[in-house]
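Here's a short tour of one protein model. Have a look at it first, then read on.

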Amino acid sequence: MRVYTVDAFTDVAFRGNPAAVCLLESAVPTAWMQAVAAEMGLSETAFLLDNSLRWFTPAVEVSLCGHATLATAHVLYSTGAAGGQLQFETASGILSVNRTTDGMITMDFPSKEVTPTTAPADLAKALGAVPVQVSTAKDDLLVELESEEQVRTLSPDIAALSRLAARAVIVTARGVSTDFVSRFFAPKVGIPEDPVTGSAHCALAPYWGPRLARSTMTAAQLSPRGGLIHLTLRGPRVDLAGRAITILSGTLHI
C-alpha cells in the first residue's frame, strides 16, 4: 500500500508539520496502525480507507488532527485520486475539505469551547512563564502569555508539563505580523512539541476571535519548523486553511 510524508501548513520543504499518510487497500487492525505510526515516528500518521480517516501519534490514537487531514487531502488532490470537495468520516464527525484555485486547502472543523479556569499551582514553574489567562479547551489547557516574544523563546520543562492534569498545553499570545501566535506541547501523547497543530486552532480561533473582534484571522505557530494557518470562525465551526508539500512517497511492504 502507498505511504507518503507531507509537510503541512507550509509550501516550503522541511518546514510546517510533517505527517505520514497511508492509503489502505483493506481494513487492518488498530494495533497494526499504531505500530506503523510508531515506526514512522512523526507526530501523526493518517490512515485512509475509502472515506474513513483515522489518526495516530507514535503512542495513541487521537480524535482530531488538522495537519494530517490537510496532508491526506493534499495527497489525494496532488495524485489525482480525488478532486472537488472531500468528506472524511472521522471520530469527530464528517470533515469537509475543499481546494481553492490557488492550491490552498480549506478544512471545515468543529470549534472547541474555551472556558476560563484557575491555573494549576505548578503551571508557571513548568512553563517558565507567568500566564496572563488560563482556560480549558476540552482536554487541553490554553495559556495566554504577555507577548509573541515570550511564546517564541519559551523553554518549558517537558517532564513537568507531562505531569499536569491535561492532555496538552497550548501557549498563545497576540501576534506582531499575524493576529496571534502559539506553540503546542503534548508529552502525554508522545509529542514533546508539535510543529504546527491544526486541532489546537479549533480552540484558538474562538478564544481570539472575540478578543480581536474578528472572524477571519491568520495565525503563526512558533515551533522551530514554524507554520502558517488561515482561520475563519463560523460559530460552532472553524475553517482552517493552509498549503502542503509532498516530501516522500513509497510502498509499505507489511
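The buried residues of helix H6 are His-201, Cys-202, Ala-203, Leu-204, Ala-205, Tyr-207, Trp-208, Gly-209 and Leu-212. Here, buried means under 20% relative accessible area, exposed means over 50%, and partly exposed is in between (1.4 Å probe, protein chains only). Helices (H or I, at least four residues) and strands (E, at least two) are DSSP runs, numbered from the N terminus. Just after H6, Ala-213 has a positive phi of about 55°.

A quick note: this is a predicted model, where local features need pLDDT of at least 70, side-chain atom pairs count only at pLDDT 80 or more, and totals for chains, interfaces and linings use all residues. Residues are numbered from 1 along each chain as its sequence is written, and side-chain values use heavy atoms, with hydrogens and water left out.

What about the cysteines? There are 0 disulfides (pairs of cysteine sulfur atoms within 2.5 Å). The sulfur of Cys-65 has its closest cysteine sulfur in Cys-202, 10 Å away, which is too far for a bond.

| Residue | Relative accessible area |
|---|---|
| Cys-65 | 4%, buried |
| Cys-202 | 0%, buried |

Strands pair if DSSP finds at least two bridges between them. S8 runs antiparallel to S7 (residues 93-99), joined by 4 bridges, and pairs with S17 (residues 237-242) in the antiparallel sense over 6 bridges.
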